[in-house]
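Hello,

I am passing a structure over to you, and my notes follow below it. Please have a look at it first, then read on.

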Amino acid sequence: LNLVLSIQPREASGSGKKPEDVVLELAELMSSRVPQIVSTETAHPTSFGYDPETGMMYSLGTCLGQEVNKFNRLLSLLSKSLVMLQNAVKGLIVMTADLDSMFTALTNNQVPGLLSKVTYPSLKPLSSWFEDLILRVQFVRDWVDNGKPACIWISAMYFPQGFLTAVLQGYSRANKIAVEVS
């Protein structure tokens, strides 16, 4: 399927919009909807709490901090690349190979390869992936702003195994049980 999509002509057929117009419209829409960076400055006290006995941050707080950093990196790259793509389509900057690849990906409703370097694994098309990203960021933002949720959306995490390890570490520290027993 990727081969067929890659050899598809870029000219508009019939009375449809030109691919440049479609990509520009999509990039503008996505740019307006990209969530803001998740700030930890005003985090709820329980989001990044410390154990009073050890002085160490709770494992879930460490896990959350890593998730926030990964999402912020993705959001920053997504915002910058969408603005650059719009400028390149308008002819204001040079269309680099990465931007051309992103143009093709948006035309074909695929997650751009540029983002696949910093995003979580997903087989969703771009439209579904973008909506999912918005929901994932909102989940993480709610956790930061309102404290540990009663229920965790584990598949919203970049690295669910890290979350499970944090839960195991938290339990073992609270109950003074070794994590690995030979």
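**Aromatic pairs and the core**

Y158 is buried, at 13% relative accessible area. Please keep in mind that this is a predicted model.

The ring of Y158 pairs edge-to-face with that of Y120, with 5.6 Å from centre to centre and 90° between the planes. Y120 sits in the loop between helix 5 and helix 6, and Y158 in the loop between helix 6 and helix 7, so this pair ties together parts 38 residues apart in sequence. Y120 is buried too, with a relative accessibility of 2%. Over the face of Y120 lies R136, 3.7 Å from the ring centre. Y120 and Y158 also belong to one aromatic cluster with F71 and W129.

A second pair to look at is F139 with W153: the ring centres are 6.1 Å apart and the planes stand at 80°, so this pair is edge-to-face as well. It links helix 6, where F139 lies, to the loop between helix 6 and helix 7, which holds W153; the two parts are 14 residues apart in sequence. F139 is buried at 13%, whereas W153 is partly exposed at 31%.

Now to the nonpolar side chains. The largest nonpolar core has 40 residues, and those touching the most other members are L74, L78, L82, L85, L106, W129 and L133. Helix 3 (59-89) is among the helices that each supply at least two residues of this core, and helix 3 gives the most, with 11 residues. Leaving aside residues up to four places away in sequence, L78 touches M30, V34, L115, F130 and L133.

Enjoy exploring it!

Best wishes

How values were computed
Residues are numbered from 1 along each chain as its sequence is written. This is a predicted model: local features need pLDDT of at least 70, side-chain atom pairs count only at pLDDT 80 or more; totals for chains, interfaces and linings use all residues. Side-chain values use heavy atoms; hydrogens and water are left out. A nonpolar core is a set of buried Ala, Val, Leu, Ile, Met, Phe, Trp, Tyr and Cys residues joined through side-chain atoms within 4.5 Å. Buried means under 20% relative accessible area, exposed over 50%, partly exposed in between (1.4 Å probe, protein chains only). Helices (H or I, at least four residues) and strands (E, at least two) are DSSP runs, numbered from the N terminus. Contact means heavy atoms within 4.5 Å. Rings of Phe, Tyr and Trp (its six-membered ring) pair if their centres lie within 6.5 Å; planes under 30 degrees apart count as stacked, over 60 as edge-to-face and the rest as tilted. A charge sits over a ring if NZ of Lys or CZ of Arg is within 6 Å of the ring centre and within 35 degrees of the ring normal.
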